[in-house]
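My comments follow as numbered points, each on one topic.

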Amino acid sequence: METGTGMLQDMLLDALEDLGEEELKRFKFKLHTTTAPGDKNIPLGRLERADRENLVGLLVEFYEDKAAVLMVSVFEDMGLKYNASKLSKAIGKRLEGYKKKYAETVMEEYQLTEDQNSLFGESTPLKDRYIELLIIRKHRPQKHREHELSATGRLHMELLESNRSEYSPTDIESLFEPDNSRRTPRTVVLQGPAGIGKTMTVQKIMLDWSSGELYPDVFDYVFCFHCRELRFREEPHSLADLLIEQCQDMYAPVKKILAQPEKLLFIIDGFDELRSFQDPGGDNCCDDPYSKVSVEVVLSSLLRKTLLPKSYLLITTRPGAAERLQECLKFPRFAEILGFSEKGRRKYFLKFFEDERKANIALRFIENTIAVSTICFIPMVCWVICSVIKVELETEDEIADTLDTTTKVFMQFSHGLLKHDPKTRMIPSLKEFRKLCSLARDGILEQKILFEEQDIKKHDLDASSLKDLFLDRRTFHKGIGRHTLYSFLHLCFQEFFAAMWYILQKESTEELDNNKLDLKRLLVECEKPGNEHLTFTVHFIFGLSSEKVCTFLEQMLECKTSSDLVKPLLLHRAEEVAAEDPPRKGHRLLKFFHCLFEIQETEFARRVMNHFQMINLSFKILSVLDCRVLAFCLQHSEIRDHSIDLTFCRLTSHHMRALASGIKNCTTLEFGSNRLGNSGVKVLCAILKETGCNMTTLDLDENFLTDACIQELCDVLSTSHTLETLSLQENSFTEVSVPFIQHLIETCTSLNFIRLANNSLGDKGRKRLKQLEKKLTRLERSFLLWM
């Protein structure tokens, strides 16, 4: 295929060859006297000596892609309307041809992706690797989700297990379709936590557009700006400069491309990775696509629609930056990637193992291991878990129970990677691990995920085998040149190794003392607003301090630890949190419970749970993993009368199973306004039968319950000697349920208050219950019926 320069030169030469000798002389004179782009006219001497071929070379040298438009202007000034019209048509045809050329450039760049399943970085066709992700078209503000990953997990599990339609599922084909009011959005924000598949989705959009399968009649050009790369640009750029880089052709017809902004889609991938985005309230913007300003001003101007207001934007970001981003957008549509559906996860496992038997073993394992199963909707986590399981299945037919916490998943993965990489035949020394962990820690504290060569040298990782194993080396454009940057395989790995820095044994007493001070500071800082990026690192510190993980570190990775010195600091901090007045609630409390769960030390729970007799997580969407975490903390509490308020937490029967081990230590269970359904109540009944029915209060209001569950529920509750209050309002019980309710009231003599309002008990049913209430009153039993 002709290059952009060659196509332009041929077009200019054809136009000049249509001129006679006298017309050519006049053209040269007019060209010299015409105000040219950038006021850089070709010297008259060079013009006079140039033949047609040399003249084309001068035009391209001085005016680049603007040469053809300038020539049209000169022809019109000379009165050569036919020549001007002919060249204008040629420019139009060239632009059409250039769309095809650019699409082929995009296809070449995006058709292959680095195969995460390989330890050697082979590439694989993106179409063979990509699996459709579940996307919802509904914005959830940051204040509702302090913890990005667990928040997405909660919503994802809800979508899998209950009513999906409430959240308006969508797909990449429909992102720019009109809404119910027939308004077509010009800005779409696609959000999701790290590892959820945002960048892979962007790659798929670019590839499908280039092949004509996506947005064929909507966008003439789609340009993708990766913020990971742009954040390092210090020199001024114009939007036109950035497009030339995208086209990989300095003679790209940028002016013509920009002439139809309504046919352009700009993708800004990873907005949250911009380190110092302009103040949303500021006015540091530009409206000229040729104005050279900082890259962040260019992006800010696109976002605020001061630059090319009719163009379209697709922005990907982690949820933590979504509200900051929203402040500078006009009427955006928010969509959220939730990760794999259950079907998508199965497809991923089948593609990963390429062996249905092994894939089924792996799927069965994660389905039976709740903590792992609930995080397996994240593509990156699936990769980690599959990598660990694949190693297990190389020597065994089944899988050991080695992945019950997130820390253990990453621990096993790191060990497997080290063991099977040919470059690390021997386990690296503790000193080598410290270097890697030091780089990770500095990056986390500075919110830095890309590292330059100087960072690698600073931490003495130049010749380290760990650098090649755990760091991803990437080459980026910088101006017209290229430079190399490093990142961990994923932010999760950086957080994991940053946490390990605090656990590994130090070389001197001074280093150990400094480590203690740093850890104390970190445990306090992570609680402050705006420091949510430290959450996972702290979780990993707790997990790495557990006795089993430390034993694994010392035996398998030959890393000496300081866990005996770190663990008392963690326990002290846990006790400080527990002693706060008023006690924590909501997601802040849940984050604290996750730390207790990750360390898997029952002593931690015993020492602090007596401060949390009343646990209020109401109106917080909980994942199954969250419920498992809560159950662990309750199970190992020394007190037996916890009160848990899980009102409107979107609980289902799966959540109830996860809570099972903790319910025995609860006397008040508030499960109102959830989605337990009859199946959830059956699970609850099974738990109460096994653990004993020692509740004083049970709230099952508005849980989609019907007559099908009432007999079993009433039978179990009738054995209780402690139940005082039962609430079954806003369900679908009919007159059929009345005899079972009557039996419960008569046999459970401790019951003194039952709520049944807004059911369909019928006149006869209500009359029978009222008669029973009067009878109990005559018998001097304190009892109140609310209908």
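1. Helices (H or I, at least four residues) and strands (E, at least two) are here DSSP runs, numbered from the N terminus. The protein chain as a whole contains 35 helices and 18 strands.

2. Please keep in mind that this is a predicted model, in which local features need pLDDT of at least 70 and side-chain atom pairs count only at pLDDT 80 or more, while totals for chains, interfaces and linings use all residues. Residues are numbered from 1 along each chain as its sequence is written, and side-chain values use heavy atoms, with hydrogens and water left out.

3. On confidence, pLDDT is the predictor's own score for each residue, from 0 to 100; the protein chain averages 82, and 85% of the residues score at least 70. Over residues 116-121 the pLDDT is below 50, and this stretch has nine contacts in the model beyond near neighbours in sequence, a contact being heavy atoms within 4.5 Å. Residues 139-167 also have a pLDDT below 50, with 90 contacts in the model beyond near neighbours in sequence.

4. For the overall fold, buried residues make up 58% of the 787 residues in the protein chain, where buried means under 20% relative accessible area, exposed over 50% and partly exposed in between (1.4 Å probe, protein chains only). Of the contacts with a separation of 6 or more, 76% are between residues 24 or more positions apart.

5. In soluble globular proteins, nonpolar side chains tend to be buried together. A nonpolar core is taken here as a set of buried Ala, Val, Leu, Ile, Met, Phe, Trp, Tyr and Cys residues joined through side-chain atoms within 4.5 Å. The largest such core has 220 residues, and those with the most contacts inside it are Phe349, Phe593, Phe671 and Leu698; its largest share, 11 residues, comes from helix 23. Leaving out residues up to four places away in sequence, Phe349 touches Ala359, Ala362, Leu363, Ile366, Cys376, Cys382 and Cys386. A second, separate core of 32 residues includes Leu47, Val56, Leu70 and Val72.

6. Which backbone oxygen lies 2.9 Å from a polar atom of the side chain of Gln494? It is that of Lys448. Gln494 belongs to helix 23, residues 491-503, and is buried because its relative accessible area is 1%. Apart from neighbours within four places in sequence, the residues in contact with Gln494 are Ala440, Gly443, Ile444, Lys448, Ile449, Phe451 and Phe488.

7. Helix 25 (residues 535-544) deserves a look, since 10 of its 10 residues are buried; among them are Thr535, His539 and Gly543. Cys595, in helix 28, touches Val538, His539 and Phe542 when residues up to four places away in sequence are not counted. The C-alpha atoms of Cys595 and Ile541 are separated by 8.6 Å, although these residues are 54 residues apart along the chain. Cys595 counts as buried because its relative accessibility is 7%.

8. A search of the whole structure finds six cavities of 30 Å³ or more. On a 1 Å grid over the protein atoms alone, a cavity is a set of points where a 1.4 Å probe fits but cannot get out, and lining residues have an atom within 4 Å of a point; grid points are joined across faces, edges and corners, and a volume is the space filled by probe spheres set on the points. The second largest cavity holds about 170 Å³ of space, and of the 15 residues that line it, the closest to its centre are Cys526, Glu527, Val538, Phe592 and Cys595. Helix 25, helix 27 (563-578) and helix 28 (586-599) each supply at least two residues of that lining.

9. Ser673, in the loop between strand 14 (666-670) and helix 32 (677-691), has a positive phi of about 60° although it is not a glycine. Glu730, in the loop between strand 16 (725-727) and helix 34 (738-747), is likewise not a glycine and has a positive phi of about 55°; Glu730 counts as partly exposed because its relative accessibility is 41%.

10. Asn674 is also placed in the loop between strand 14 and helix 32, and counts as buried at 2% relative accessibility. Beyond its neighbours within four places in sequence, the contacts of Asn674 include Leu646, Phe648, Arg650, Asp701 and Asn703.

Methods:
Polar contact = N/O pair within 3.5 Å; in protein donor to acceptor, adjacent residues only side chain to side chain. 1 Å grid on protein atoms, 1.4 Å probe; cavity = no way out; pocket = protein on both sides within 12 Å on 5 of 7 lines; lining within 4 Å.
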